[in-house]
Amino acid sequence: YGRSNIIRHNDRPHMFVKELQLNIEYLKEKLETEDAKVVKDAHNYASSLIQGIAYYLNMAEAIEEDENRRNIFIMNLKEQEDALKRLISVEHKMIHEERGLIVK
């Protein structure tokens, strides 16, 4: 009971990947603020997300038994991890440029 897949849409993202996408969108909104405390909290939030991604990558075999779906899950997690790292990198660079620490 409860083991059969009644959802026939194979193009849907995994629940954890979708949640991660929503969290990254939330983070983008937070990084757009001028409030230094909010930005600092957003960076801590990003670090937590990266730790969460690492956890789910390690647990991928237990989460997805089907090899094809597991590979898609891992690929999607890595794509979101890359997007998150790019977001933080761009934000970090912008902060340094504002402080005059990076020569253009």
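In which helix is the place of Ala46? The legends below take this up, starting with the model as a whole.

**View 1. Confidence across the predicted model.** Everything shown here comes from a predicted model. The protein chain has an average pLDDT of 84, and 80% of the residues score at least 70. Of the chain's elements, helix 1 has the highest mean pLDDT (93), while the lowest (85) belongs to helix 4, residues 67-98. A word of caution for any view: where pLDDT is low, the predicted coordinates should not be read in detail.

**View 2. Ala46 in helix 2.** To settle the opening question, Ala46 sits in helix 2, which runs over residues 36-58. With a relative accessible area of 2%, Ala46 is buried. Beyond its neighbours within four places in sequence, Ala46 is in contact with Leu27, Leu84 and Ile88. Look for Leu27 in particular: Ala46 and Leu27 are 19 residues apart in sequence, and their C-alpha atoms are 7.4 Å apart in space.

**View 3. The largest nonpolar core.** This core has 16 residues, and those with the most contacts inside it are Leu20, Leu27, Leu31, Leu84 and Ile88. At least two residues of this core come from each of helix 1, helix 2 and helix 4. Zoom in on Ile88 and you will find that it touches Leu27, Leu31, His43 and Ala46, leaving out residues up to four places away in sequence. As general background, nonpolar side chains in soluble globular proteins tend to be buried together.

View 4. The 17 residues of helix 1 reach 24 Å from the first C-alpha to the last, close to the 24 Å expected at 1.5 Å a residue. Buried in this helix are Val17, Leu20, Asn23, Ile24, Leu27 and Leu31. Seen down the axis of helix 1, these buried residues fall within an arc of 115°, so they line one face of the helix. The face turned away from the buried side carries the exposed residues Met15, Leu22 and Glu29.

**View 5. His14, in the segment before helix 1.** His14 lies in the segment that precedes helix 1 (15-31). Its relative accessible area is 18%; His14 counts as buried because that value is under 20%. A polar atom of the His14 side chain lies 3.1 Å from the backbone nitrogen of Phe16. The side chains of His14 and Glu64 are joined by a polar contact of 3.4 Å. Setting aside neighbours within four places in sequence, His14 is in contact with Ile63, Glu64 and Phe73.

Notes: Residues numbered from 1 in each chain as written. Heavy atoms only, no water. Helix = DSSP H or I, 4+ residues; strand = E, 2+ residues; numbered from the N terminus. Buried < 20%, exposed > 50% of the residue type's maximum accessible area, 1.4 Å probe, protein only. Polar contact = N/O pair within 3.5 Å; in protein donor to acceptor, adjacent residues only side chain to side chain. Contact = heavy atoms within 4.5 Å. pLDDT = per-residue confidence, 0-100. Core = buried A, V, L, I, M, F, W, Y, C linked by side-chain atoms within 4.5 Å. Expected span 1.5 Å × (residues − 1). Arc of directions from axis to C-beta.
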